[in-house]
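Here is my notebook from an afternoon of looking things up in one structure.

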Amino acid sequence: MRIFIQLDDVYVSNLSILEPLLLDLLGMSVAEHSIYLVSTLPKPTEIKGAEWVHPDATKQLIAASSSNALIHFSPVAIWAKQLPSYFIPLTLPHLTGHLSWLKLLREKQRFNKTIQGAKKVLALDEWHAQNRPGAERLYLEKAPLPSFEWSQLATVRSALTDGNQYLLAFVDTQDILPIVKAFSVFKKWQLSTMSLVFVLDTEAEKDKAANILLGYKYRDAVELVSVANFTLEWIAAAYLTIFSAMNSHRFQFLTYTMRYQIPFLMHQENPDHPFICSEMAKAGEYFDFKQPDVLANHFKLYYKDEMYRAAKGIEIQKAIQSEISQFQHKATIVWPRDLV
């Protein structure tokens, strides 16, 4: 079988978000299946387990095989219209709050059409399975995330925060003020160089955040970046991560955080309706960010007690491994065996 993985026009702003997922997919490739990553982007310098091809080169490859399948994270491209397709949603339009109502309507229509046209809709984790009705759970062994040398992470800190340790926050703009209030309390107590990096979903959200922070006392210690520039190194180099309301790519970032053993704090207004499963939530810290003193105390706790921080890291890694194991036990499709 030839399996084509479509990487163009994905429902994510940056292929770096896809990197761990592709590592998982390629890590389970077997000899009787050939995998092709299809994109108009230039071929990466190093790629294992698959061949990188341009869409124009797919016609001959498809014609030469009696068994083909498509994995896609977005609407099916013209070159792949004749292939049986397996759709893996990486975003959910109803959770995209920064679009206008008209754009949101169009995205929902486009998304639903993609769902309806797929042979199967697949979920790679329990969060997506529960938030995407009709999705089937796909067993996919997790490949090791890339490991980074100290010097590589130092370079990341240098680029983001002039070399300072930092708290990395994946948040909506409405949660910025409570977090910076807590950060102010922490900075007055800490009297050192810790920085705060906000990761916003769009450039428009980034501009909005900049306006919110005008005149903020510790503005020099706060950096604003967008998801479009995301790299895994941001998480691996973080001292602590912070999450507000969950969406698709934030859930992926949370799982990467846990696999890198980075402690996390999560916003939750209503304990009866958690964003994630209770086992994962308990491994981190889960509370209402509208209590900045409580949030500041957590910043202080992690900063002054490295033993606590290290213990949390181990607890977090165990929790994500348990979550992955439970999900795989429920899975009904094994990659790539069942794509026939």
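**Entry 1: around helix H9**

Helices here (H or I, at least four residues) and strands (E, at least two) are DSSP runs, numbered from the N terminus. Before going on, I noted that this is a predicted model, in which local features need pLDDT of at least 70 and side-chain atom pairs count only at pLDDT 80 or more, while totals for chains, interfaces and linings use all residues. I also noted that residues are numbered from 1 along each chain as its sequence is written, and that side-chain values use heavy atoms, with hydrogens and water left out.

Next I checked the length of H9. Its twelve residues should span 16 Å at 1.5 Å a residue, and the end C-alpha atoms are 17 Å apart, which agrees. The expected span is 1.5 Å times one less than the number of residues.

Is H9 buried or exposed? Twelve of its twelve residues are buried, so the helix is largely enclosed by the rest of the structure. Buried means under 20% relative accessible area, exposed over 50%, and partly exposed in between (1.4 Å probe, protein chains only). The buried residues include Arg250, Phe251, Phe253, Leu254 and Arg259.

**Entry 2: the nonpolar cores**

In soluble globular proteins, nonpolar side chains tend to be buried together. I looked for such groups here. A nonpolar core is a set of buried Ala, Val, Leu, Ile, Met, Phe, Trp, Tyr and Cys residues joined through side-chain atoms within 4.5 Å.

The largest nonpolar core has 67 residues, and Ile5, Ile71 and Trp335 have the most contacts inside it. H9 gives the largest share of this core, five residues. I then followed Trp335: leaving out residues up to four places away in sequence, Trp335 touches Ile3, Ile5, Leu25, Met28, Ile35, Ile71, Leu138, Tyr139 and Leu140. Contact means heavy atoms within 4.5 Å. A second, separate core has 30 residues, among them Ile179, Ala182, Met194 and Phe289.

**Entry 3: empty spaces**

Rolling a probe the size of a water molecule over the atoms shows where empty space is left. On a 1 Å grid over the protein atoms alone, a cavity is a set of points where a 1.4 Å probe fits but cannot get out; a pocket is an open set with protein on both sides within 12 Å along at least five of seven lines; lining residues have an atom within 4 Å of a point. Grid points are joined across faces, edges and corners, and a volume is the space filled by probe spheres set on the points.

How many cavities of 30 Å³ or more does a search of the whole structure find? It finds two. The largest cavity has a volume of about 200 Å³. Its lining has 18 residues, with Leu124, Asp125, Lys142, Thr255 and Ile324 nearest the centre. Helix H1 (19-27), helix H9 (248-259) and helix H12 (306-330) are the elements that give two or more residues to this lining. By class, the lining of the largest cavity has nine nonpolar, three polar and six charged residues. Ala, Val, Leu, Ile, Met, Phe, Trp, Tyr, Cys and Pro count as nonpolar, Asp, Glu, Lys and Arg as charged, and the others, Gly among them, as polar.

The second largest cavity has a volume of about 90 Å³. It is lined by 13 residues, and those closest to its centre are Ile88, Pro89, Ala123, Leu124 and His128.

The largest pocket has a volume of about 660 Å³. Of its 20 lining residues, Glu19, Leu23, Pro44, Glu46 and Ile47 are closest to the centre. H1 supplies the largest share of this lining, five residues.

Leu200 is in strand S9 (residues 195-200). It counts as buried because its relative accessibility is 0%. Leu200 and Val227 are 27 residues apart along the chain, yet their C-alpha atoms are separated by 6.0 Å.

Asp175 sits in the loop between strand S8 (166-170) and helix H6 (176-190). It is buried too, with a relative accessible area of 8%. Not counting residues up to four places away in sequence, Asp175 touches Ser244, Ala245 and His267.

Last, I looked up Asn211 in helix H7 (residues 203-212). Asn211 counts as exposed, at 53% relative accessibility.
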